[in-house]
Amino acid sequence: MTARLTARGIVRRYGGIEAVGGVDLVAPAGRITALIGPNGAGKSTLFDCLAGTVRPDAGRVLLGGRDVTRVAAHARVRLGLARTFQQIAVFPTLSVADNVRVGAEQRRDRADVQGRTERALTLLGLRDVAGESAGAQPTGVLRLVELARALAGEPRVLLLDEPAAGLDSAQTARLVAVLRGLAGRGMALLLVEHDAGLVAELADTVYVMADGRVVAAGPAAAVLAETRVARVWGGAAPDGVTPDGVT
Ligand code: ATP
């Protein structure tokens with residue numbers, strides 16, 4: 001399996017707080033990797049170090065075989081790393097299609113911008129609202145617009161920050177199908193997600209963070225069934241897992 005995105009010994013401090021305290025993580029091609037843990041565990045900080053919006057104090061980020069630790073976020077996008085945001089970040093005055101086109105235009109290779117925009121709109125079921133202004137859309141649709149924008153650049157690695165937040169059940173089902181399809185075609189996906197059911201359904205590999213460190217990692221079913229994972233994950237433990245162990 002090719003490691004598409006690798007974190008080695010990532011450290012990031014804020015004042016006296018070690019938000020990420022030396023984390024190793026691999027997101028392989030063709031796999032969905034999930035990063036879970038309680039609030040304040042350091043997931044977002046690690047995610048931002050991978051995306052390039054936060055510079056680690058120590059450690060390295062590799063994209064494919066290339067060290068991108070000192071490469072800016074927008075340049076990582078051109079190298080095939082796309083992301084979505086926890087806080088939805090669309091351009092409200094642009095149409096849905098034009099928001100997606102922004103993603104298509106971020107690639108170094110500008111060929112077929114229109115085709116890539118249309119394929120992403122179709123994949124996410126957004127054709128009916130393509131001409132409408134993004135600002136008029138409900139949260140669930142905007143999450144899909146963000147994902148379509150990320151995909152329009154045809155990335156090799158996709159970072160997703162709580163992609164199911166605000167989605168209804170039909171939109172979540174579409175999201176699951178789309179993400180599985182992308183992994184099936186060889187993309188490396190890494191998601192930060194609070195929805196335990198979604199993680200259990202989607203992820204091949206799960207990393208659990210607590211207090212800035214990885215406290216468990218491995219195949220999703222095995223990791224999610226671990227007692228200590230249920231403990232650090234608190235109330236969000238999946239069905240069949242309680243803070244006292246597996247029921
Ligand atoms: P959540 O699930 O709530 O998003 P998280 O696991 O993503 O939490 P982080 O947001 O990475 O955790 O936060 C890890 C720690 O670093 C927390 O103690 C947080 O207060 C601190 N921290 C994160 N960003 C900053 C910042 N910009 N300035 C100061 N402290 C920060």
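How many nonpolar, polar and charged residues does the lining of the largest cavity have? The fourth legend below takes up this point.

The structure is a predicted model, in which local features need pLDDT of at least 70 and side-chain atom pairs count only at pLDDT 80 or more, whereas totals for chains, interfaces and linings use all residues. Residues are numbered from 1 along each chain as its sequence is written, and side-chain values use heavy atoms, with hydrogens and water left out.

**View 1. The residues around the ligand.**

View 2. An N or O atom in the side chain of Ser 44 is 2.7 Å from an oxygen atom of the ligand, a backbone N or O atom of Ala 41 lies 3.0 Å from a ligand oxygen atom, and a polar side-chain atom of Asn 39 lies 3.3 Å from an oxygen atom of the ligand. Taken alone the ligand exposes 630 Å², of which the protein buries 61%; accessible areas come from the Shrake-Rupley method with a 1.4 Å probe, and for residues only the protein chains shown count as cover.

View 3. A pocket is found on a 1 Å grid over the protein atoms alone, as an open set of points with protein on both sides within 12 Å along at least five of seven lines, while a cavity is a set of points where a 1.4 Å probe fits but cannot get out; lining residues have an atom within 4 Å of a point. Grid points are joined across faces, edges and corners, and a volume is the space filled by probe spheres set on the points. The largest pocket has a volume of about 490 Å³, and of the 29 residues that line it, Val 77, Leu 81, Ala 82, Arg 83 and Gln 106 are the closest to its centre. At least two lining residues come from each of α2 (73-78), β6 (81-83), α3 (96-105) and α5 (139-152), and α2 gives the most, with four residues. The lining of the largest pocket divides into 14 nonpolar, seven polar and eight charged residues. The second largest pocket holds about 270 Å³ of space; of its 14 lining residues, the closest to its centre are Leu 151, Glu 154, Leu 182, Arg 185 and Met 187. Two or more residues of this second lining come from α4 (113-123) and from α5, with α4 giving the most, four residues.

**View 4. The largest cavity.** A search of the whole structure finds one cavity of 30 Å³ or more, and about 60 Å³ of space lies in the largest cavity. Among the residues that line the largest cavity are Thr 84, Phe 85, Arg 143, Leu 160 and Leu 175. Helix α5 supplies the largest share of this lining, four residues, and both α5 and β7 (157-161) supply at least two. The lining of the largest cavity has six nonpolar, one polar and four charged residues.

**View 5. Gln 114 in helix α4.** Gln 114 lies in helix α4 and counts as partly exposed because its relative accessibility is 41%, where buried means under 20% relative accessible area, exposed over 50% and partly exposed in between, with a 1.4 Å probe and protein chains only. The side chain of Gln 114 makes a polar contact with the side chain of Arg 101 at 2.4 Å; a polar contact is a pair of N or O atoms within 3.5 Å, and within protein one must be able to donate a hydrogen and the other to accept it, while residues adjacent in sequence count only if both atoms are side-chain atoms.

**View 6. Val 145 in helix α5.** Val 145 has its place in helix α5 and counts as buried, because its relative accessibility is 0%. The C-alpha atoms of Val 145 and Val 90, 55 residues apart along the chain, are separated by 7.8 Å.

Key. Ala, Val, Leu, Ile, Met, Phe, Trp, Tyr, Cys and Pro count as nonpolar, Asp, Glu, Lys and Arg as charged, and the others, Gly among them, as polar.
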